[in-house]
Amino acid sequence: MAHNRHRKPKGRPLDGWLIIDKPTAIGSTDVVAICKRGFQAQKCGHGGTLDPLATGVLPIAFGAATKTVPYVMDGTKQYRFTLKLGEARDSDDADGNVIGTSDARPTDDQIRAALPAFIGDIMQVPPIFSAIKVAGERAYDLARAGEAVELAPRPARVDRFELIERPDADTAVFFVESGKGVYMRSLARDIAKACGTVGHITALRRMRVGPFHEKDAVPLDRIAVSGDTPPPSPDLLLPVTTALADIPALALTEAEVARLSFGQPIPLVELMGRVPREANPDGGLARAMAGERLMGLARFEEGLLKPERWLGQGGS
């Protein structure tokens with residue numbers, strides 16, 4: 001059966017990023033399927049899940065871009081969410097069942113006074129309806145099966161958490177800027193609790209993921225192909241390198257690129273005068289560039305430049 005080993009993968013070999021403005025009531029994996037089908041692409045994935053209820057920036061990676069997904073997910077994220085006060089739900093959002101109520105309604109000042117405790121490096125208990133594994137099972141599968149799910153608090157980083165609107169006593173709108181792994185549903189649940197009441201999210205919008213912003217986003221219906229609609233243009237894709245815009249670039253010779261591609265580290269003394277000033281020589285990353293071509297990512301470690309993630313022929 002050896003002749004099957006080199007069978008070409010189905011679809012077009014596309015490399016790049018597509019930033020989708022995800023509509024509500026659809027899962028992130030469904031968006032990936034629509035994009036893959038629309039572009040007839042060989043390889044496609046997403047950079048950071050959004051709940052079905054949520055809308056906004058969902059980066060979709062094609063081809064070589066899939067290798068850069070972890071670096072996008074590590075980037076800064078910005079959200080806007082609406083908290084409904086007085087009602088707790090098992091999923092911590094409007095899609096769940098009511099599990100508690102309260103007549104208490106905090107004032108704006110009480111909410112603002114509670115916010116500082118949630119800013120900086122915090123510990124956060126994820127929602128029970130999340131993809132976290134408990135003894136090998138997804139938490140949401142256990143929760144749906146009616147099992148009691150206990151999740152341990154985990155570290156999270158919140159850089160900004162602001163009350164931006166108070167339409168009425170039952171509703172508060174917040175802006176959040178956070179690092180990776182922060183659950184907005186948990187923030188909503190916990191800020192309500194800190195104000196002496198209960199609450200859940202009714203609307204959530206992500207405005208930024210790393211270098212990708214709302215202004216870069218394309219509506220999903222521009223990608224969905226049906227009947228006589230022409231397929232979307234590959235011109236909608238951003239270059240692979242866009243995902244790494246925040247990582248300093250390092251110019252390398254073809255010989256140095258070859259060494260790194262074989263897994264051989266390069267002593268930093270050989271790169272004197274070329275290491276970007278903003279690069280962290282103690283564990284920081286650099287974009288390995290051969291002219292205008294991105295060859296991969298390399299890490300500064302123990303006086304050496306070591307290959308971290310190689311993209312091969314040079315990303316577009």
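1. Basis. The model is predicted, so local features need pLDDT of at least 70 and side-chain atom pairs count only at pLDDT 80 or more, while totals for chains, interfaces and linings use all residues. Residues are numbered from 1 along each chain as its sequence is written, and side-chain values use heavy atoms, with hydrogens and water left out.

2. Helix α5. Helices (H or I, at least four residues) and strands (E, at least two) are DSSP runs, numbered from the N terminus. Helix α5 covers residues 184-194, and it is largely enclosed by the rest of the structure because nine of its 11 residues are buried. Buried means under 20% relative accessible area, exposed over 50%, partly exposed in between (1.4 Å probe, protein chains only). The buried residues are Met184, Arg185, Ser186, Leu187, Ala188, Arg189, Asp190, Ile191 and Ala192. Their cover includes β4 (77-85), α3 (108-114), β7 (120-124), β10 (154-168), β11 (171-178) and β12 (199-209). Just after the helix, glycine 196 has a positive phi of about 80 degrees.

3. Serine 28. This residue belongs to helix α1 (residues 28-39). Serine 28 counts as buried because its relative accessibility is 4%. A polar atom of its side chain lies 2.8 Å from the backbone nitrogen of leucine 50. Beyond neighbours within four places in sequence, serine 28 is in contact with His46, Thr49, Leu50 and Leu58; contact means heavy atoms within 4.5 Å.

4. Largest pocket. On a 1 Å grid over the protein atoms alone, a pocket is an open set of points where a 1.4 Å probe fits, with protein on both sides within 12 Å along at least five of seven lines; lining residues have an atom within 4 Å of a point. A volume is the space filled by probe spheres set on the points, and for the largest pocket this is about 1,100 Å³. Of its 37 lining residues, Thr49, Leu50, Asp51, Tyr183 and Arg185 lie nearest the centre. At least two lining residues come from each of α1, β4, α4 (139-144), β10, α5 and β12. The lining divides into 13 nonpolar, 12 polar and 12 charged residues. Here Ala, Val, Leu, Ile, Met, Phe, Trp, Tyr, Cys and Pro count as nonpolar, Asp, Glu, Lys and Arg as charged, and the others, Gly among them, as polar.

5. Second largest pocket. This pocket holds about 270 Å³ of space. It is lined by 17 residues, with Arg89, Asp92, Ile99, Arg189 and Lys193 closest to its centre. The elements giving two or more residues to this lining are β5 (87-89) and α5. The lining has nine nonpolar, two polar and six charged residues.

6. Aromatic rings. The whole structure contains six aromatic pairs. Rings of Phe, Tyr and Trp (its six-membered ring) pair if their centres lie within 6.5 Å; planes under 30 degrees apart count as stacked, over 60 as edge-to-face and the rest as tilted. Phenylalanine 118 and phenylalanine 161 form an edge-to-face pair, at 6.3 Å centre to centre and 80 degrees between the planes. Phenylalanine 118 is in the loop between α3 and β7 and phenylalanine 161 in strand β10, 43 residues apart. Both are buried. Phenylalanine 161 also pairs with phenylalanine 174, tilted, at 5.3 Å and 55 degrees. Phenylalanine 174 is in strand β11, 13 residues from phenylalanine 161, and is buried with a relative accessible area of 0%. Ring pairs join Phe81, Phe118, Phe161 and Phe174 into a cluster.

Methods: A polar contact is a pair of N or O atoms within 3.5 Å; within protein, one must be able to donate a hydrogen and the other to accept it, and residues adjacent in sequence count only if both atoms are side-chain atoms.
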